[in-house]
Every structure is written in structure tokens, then in C-alpha cells.
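Hello,

Here is the structure I said I would pass on. Please look through it first; my notes follow below.

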Amino acid sequence: MPQFQTWEEFSRAAEKLYLADPMKARVVLKYRHTDGSLCIKVTDDLVCLVYRTDQAQDVKKIEKFHSQLMRLMVAKESRSVAMETD
């Protein structure tokens, strides 16, 4: 299970994983209060991508990425359109 050190690498890999097969992709967010860490995991049962952080500025990036994924998942016409990540 690859754990990414930078947000940019993770977001690109997660976007590719989702766009490869949107029906199999799953996203899990996990917050641990004791550590103050947030973990986002994207998987399709074959590949599992993980990014962990305890930095406040990364939480905003994760929130934006997660909302973009959710919009892609519910939109009919945008399933073939790539997400724009900053």
C-alpha cells in the first residue's frame, strides 16, 4: 500500500485511479483525534493509495479534492472529464 509524501503526487495518482474505473473506486477519510492526523485513502480493490497529514493547510487541499471527486461521482456528463487539481 503506497503512502505518498507529497499531496501533488497523491492527488494525481488518485485522480488517475478514479478515472480508470469510476464504478470501483472508493474514498475513505479517517481522522484520529489523539494524533491530530487525517488520512485519505483511495482504492479500487487492486490498488490502494494513502496520504496522511497533520498539517492544517493540507486539510483544505483534502477537502477540495474530496468535493471534486464527489461532484464527479454524481455528475452524468463529467465522468469522462478530468478533474482540475491545483
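Among contacts in the chain (heavy atoms within 4.5 Å) between residues at least 6 apart in sequence, 48% join residues at least 24 apart. This is a predicted model, in which local features need pLDDT of at least 70, side-chain atom pairs count only at pLDDT 80 or more, and totals for chains, interfaces and linings use all residues. Residues are numbered from 1 along each chain as its sequence is written, and side-chain values use heavy atoms, with hydrogens and water left out.

The chain has two helices and four strands, in the order β-α-β-β-β-α. Helices (H or I, at least four residues) and strands (E, at least two) are DSSP runs, numbered from the N terminus.

Of the 86 residues, 35% are buried, meaning under 20% relative accessible area with a 1.4 Å probe, protein chains only. The largest nonpolar core holds 16 residues, of which Trp7, Phe10, Ile40, Tyr51 and Phe65 touch the most other members. Such a core is a set of buried Ala, Val, Leu, Ile, Met, Phe, Trp, Tyr and Cys residues joined through side-chain atoms within 4.5 Å. Helix 1 gives the largest share of this core, five residues.

Beyond its neighbours within four places in sequence, Phe10 is in contact with Phe4, Ile40, Val42, Leu49, Val50, Tyr51 and Phe65.

The axes of helix 1 and helix 2 (lines fitted to C-alpha atoms over the stretch in contact, with angles from 0 to 180 degrees between N-to-C directions) come within 12 Å and cross at roughly 10 degrees. The two helices are therefore roughly parallel, the word for angles under 35 degrees.

Regards

Technical notes. Buried means under 20% relative accessible area, exposed over 50%, partly exposed in between (1.4 Å probe, protein chains only). Angles under 35 degrees count as roughly parallel, over 145 as roughly antiparallel, 65 to 115 as roughly perpendicular and the rest as oblique.
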